[in-house]
Amino acid sequence: MSIVKDVVKAGAKIPKKAVESGLEIAGMVSSRIDGHLIKRLLELGVDLSTRAGVKSALTLVGKDTTFADDVFIELKNNLNREGFRKTKYNERALFLPQCLRNAEKCKGKMTDAGWVCAECGNCQIYPIKKEAEKLGYRVYVVPGGSMVIKIVKNNGFKAAAGVGCRFELCEAAEKLGSTKIWVQGVPLLRDGCKDTEVDVNRVMGMIQQKE
Ligand code: SF4
């Protein structure tokens, strides 16, 4: 109960939707971190709406903060899932990071809206792009999160799916959190500035989901 007291003393606020999703979230993150802890934090009203809030909560209760970004991404995915699924495919955008390109063999060209993939098939972007475009998505291969925010706002998308390093995903989710845009994200399996890697099946699952 000391954890409970500490958290209550911290005076955090409770996001209503987070409480409603608490059980499901706890299940989703339980492989990475103590799901019961997350559930309890949510029920107690700890503000988990920002990455910093998640880190503070974990620190507060003496838990390892290594997976704070993963927890934050899963929370955001969960809270946005229903709205994302209800959004038509042609009202969604998919953002892929330029670091997924095959740096040596890429035939793409950089433009104001990111890289235009020439579909040479030398990286994981190719199959993901093909499937997303078949569904109706607009696909962007971007150098960073700031371009994501600009493109989403300028094109009136109602939902945005993204692949990226944990830092970029968290930052984009935080910035888009104050808008009505539904977000979903899949973190890279291997971070880095080039020749990174993602679980393609997981990305396919993210973009295909619908009501
Ligand atoms: S598939 Fe597209 S993004 Fe990937 S290496 Fe080829 S041109 Fe570049």
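Which residues in α7 meet which residues in α10? Pro 127, Ile 128, Glu 131, Ala 132 and Leu 135 in α7 meet Val 200, Val 203, Met 204, Ile 207 and Gln 208 in α10, where two residues are in contact if their C-beta atoms, placed from the backbone, lie within 7 Å. By class, this contact of α7 with α10 has eight nonpolar, one polar and one charged residues; Ala, Val, Leu, Ile, Met, Phe, Trp, Tyr, Cys and Pro count as nonpolar, Asp, Glu, Lys and Arg as charged, and the others, Gly among them, as polar.

This is a predicted model, in which local features need pLDDT of at least 70 and side-chain atom pairs count only at pLDDT 80 or more, while totals for chains, interfaces and linings use all residues. Residues are numbered from 1 along each chain as its sequence is written.

The helix pairs are tabulated below; helices (H or I, at least four residues) are DSSP runs numbered from the N terminus, and axes are lines fitted to C-alpha atoms over the stretch in contact, with angles running from 0 to 180 degrees between N-to-C directions.

| Helix pair | Angle | Axis separation |
|---|---|---|
| α7 (residues 125-135) and α10 (residues 200-208) | about 10 degrees | 10 Å apart |
| α6 (residues 68-86) and α9 (residues 166-176) | about 45 degrees | 10 Å apart |
| α8 (residues 145-155) and α9 | roughly 35 degrees | within 9 Å |

Helices α7 and α10 pack at about 10 degrees, which makes α7 roughly parallel to α10, since angles under 35 degrees count as roughly parallel, over 145 as roughly antiparallel, 65 to 115 as roughly perpendicular and the rest as oblique. Their crossing is right-handed, a crossing being left-handed if the near helix is turned anticlockwise from the far one by less than a right angle, and right-handed if clockwise.

Helix α9 takes part in two of the tabulated contacts. With α6 the angle is about 45 degrees, and that makes α6 oblique to α9. The crossing of α6 and α9 is left-handed, and Asp 69, Asp 70, Phe 72, Ile 73 and Lys 76 of α6 contact Arg 166, Leu 169, Cys 170 and Ala 173 of α9. These residues divide into five nonpolar, no polar and four charged. The crossing of α8 and α9, in turn, is right-handed, with Gly 145, Val 148, Ile 149 and Val 152 of α8 set against Glu 168, Glu 171, Ala 172, Lys 175 and Leu 176 of α9.

The ligand is surrounded by 16 residues, of which the closest are Cys 106, Cys 117, Cys 120, Cys 123 and Tyr 126; a residue is near a molecule if its C-beta atom, placed from the backbone, lies within 6 Å of it.
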